[in-house]
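User: I have a structure here that I would like to go through with you. Could we start with the charged pairs and then move on to the fold?

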Amino acid sequence: MEYVEGTTALRVFREWREYLNPLLKESKFKETGVLTPEEFVLAGDFLVYKCPTWAWSGGLASKRKVIRWCLRPFNTFHLMPHYRQDYLPADKQYLITRNVPCLKRVAAMEYRDADEDEAIDDEMGEDQWVATHKGRVIVGSSDAEQVRDIEDEEEPAAAAAEVAKPKDAETLPEIDNLNLDDIPDMDEELELVEMEDEEDPAAMATSDNDTDRFVKTRTYDISITYDKYYQTPRLFLFGYDENRKPLAPQQIFQDISQDHAKKTVTIEAHPNESLSLASIHPCKHGNVMKRLIDQMVESGKDELRVDQYLLLFLKFMTSVLPTMEYDYTGDGF
């Protein structure tokens, strides 16, 4: 069998594996943490309702897969399982949210040796408390003055009253003895003073380029597709740098937890777009979601509804993408 140009044997294998895998039709999200296509659409609709930053997309029409035989010269056939994803509505092939801010790199959040905690005994012999970041050195700490203890004063109220008492204070005239003719006219006083605008040092400096007022940061377009083989959602990432230029794969890995980068996160073709994007592999998604659902029940929370599935899924994804601020759903349960 000959392969279509631009494909690899691994990609062809995955395409066929997904095509031959039977479509899940019975709900098993409580038993195994997976979804049917109908449940994926239902959960996507609820996500869009709860968080309007997410939206459905139909993707490229050419990427909606159908079985196709290609007759080539010399009577050779190119067979690829380009099946149409008719198990999903044409306008709801995947979910996407754009311009997700990523303010810092994951390395800035890593726990280093200098962050070692130390348990310190209470002087009163009570429970211990923890001093965090014990190894860090505070700049300028050697020059810091020691805070002096406040000494008890015998008569603090009397001392405060003595300080507040003005020296040689003049006695204020009684209101009945005031001469109203002696009060100056404010309008006349204002006419004698030339009002000048003073620059406010706290005011923001103006610039011809309004973009200077905004902090430039990396942003991501995040999409969620339905993986037919693993029967779970699958997340894809497309990143931009501070100047809106696409990020290279190595740069994207800087924004992914190092426990997952280059392990469960790989660069793969998006099923609905002509792009190769960073993707979080869904092989463990079902097991993790099942465990999270069980933990919710054990903790006494209400049982997770299937339409709330993606809300919990996105919270699970924060362990992989800790610096991307995409989750504005709140609890949502």
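Analyst: We can begin with R305, which is partly exposed, with a relative accessible area of 41%. Please keep in mind that this is a predicted model.

User: Which residue does R305 form a salt bridge with?

Analyst: R305 forms a salt bridge with D307, and the closest N and O atoms are 3.0 Å apart.

User: Is D307 buried or exposed?

Analyst: D307 counts as buried, at 15% relative accessibility. The cut-off for buried is under 20% relative accessible area, whereas R305, at 41%, is partly exposed.

User: How many salt bridges are there by this rule?

Analyst: The count comes to 10 salt bridges. One of them joins D255 to R218, with the closest N and O atoms 2.9 Å apart.

User: Where do D255 and R218 lie?

Analyst: D255 lies in the loop between α6 (249-253) and β9 (265-269), and R218 lies in strand β7, so the pair ties together parts that are 37 residues apart in sequence.

User: And are they buried or exposed?

Analyst: D255 is buried at 0% relative accessibility. R218 is buried as well, with a relative accessible area of 6%.

User: Which residues are linked with D255 in a network of salt bridges?

Analyst: The network of salt bridges links D255 with R105 and R218.

User: What about D227, which residue is its partner?

Analyst: D227 forms a salt bridge with R234, and their closest N and O atoms are 3.3 Å apart. D227 has a relative accessible area of 8% and is buried. R234 also counts as buried, at 9% relative accessibility.

User: Switching to strands now. Which strand pairs with β7?

Analyst: Strand β7 (residues 218-227) pairs with β4 in the antiparallel sense, over seven bridges. Within this pairing, T97 stands opposite I222 in β7.

User: Which other strand pairs with β4?

Analyst: Strand β1 (residues 55-57) pairs with strand β4 (residues 94-102), in the antiparallel sense and over three bridges. Here W56 stands opposite L95 in β4.

User: Now the helices. How do the axes of α3 and α8 cross?

Analyst: The axes of helix α3 (residues 37-50) and helix α8 (residues 309-317) come within 7 Å and cross at roughly 75°. Angles of 65 to 115 degrees count as roughly perpendicular, and α3 and α8 are therefore roughly perpendicular to each other.

User: Which residues make the contact?

Analyst: From α3 the contact involves F40, A43, G44, F46 and L47, and from α8 it involves Y309, L310, L311 and L314. By class, the contact of α3 with α8 has eight nonpolar residues, one polar residue and no charged residues.

User: One last topic: where does M324 lie?

Analyst: M324 lies in the segment after α8. M324 counts as buried, at 4% relative accessibility.

User: What is M324 in contact with, leaving aside its neighbours within four places in sequence?

Analyst: M324 is in contact with V100, P101, C102, Y220, I222, L237 and D255.

Definitions and conventions:
Residues are numbered from 1 along each chain as its sequence is written. This is a predicted model: local features need pLDDT of at least 70, side-chain atom pairs count only at pLDDT 80 or more; totals for chains, interfaces and linings use all residues. Side-chain values use heavy atoms; hydrogens and water are left out. Two strands pair if DSSP finds at least two bridges between them. Helices (H or I, at least four residues) and strands (E, at least two) are DSSP runs, numbered from the N terminus. A salt bridge is a side-chain nitrogen of Lys or Arg within 4 Å of a carboxyl oxygen of Asp or Glu. Buried means under 20% relative accessible area, exposed over 50%, partly exposed in between (1.4 Å probe, protein chains only). Axes are lines fitted to C-alpha atoms, for helices over the stretch in contact, and angles run from 0 to 180 degrees between N-to-C directions. Angles under 35 degrees count as roughly parallel, over 145 as roughly antiparallel, 65 to 115 as roughly perpendicular and the rest as oblique. Contact means heavy atoms within 4.5 Å. Ala, Val, Leu, Ile, Met, Phe, Trp, Tyr, Cys and Pro count as nonpolar, Asp, Glu, Lys and Arg as charged, and the others, Gly among them, as polar.
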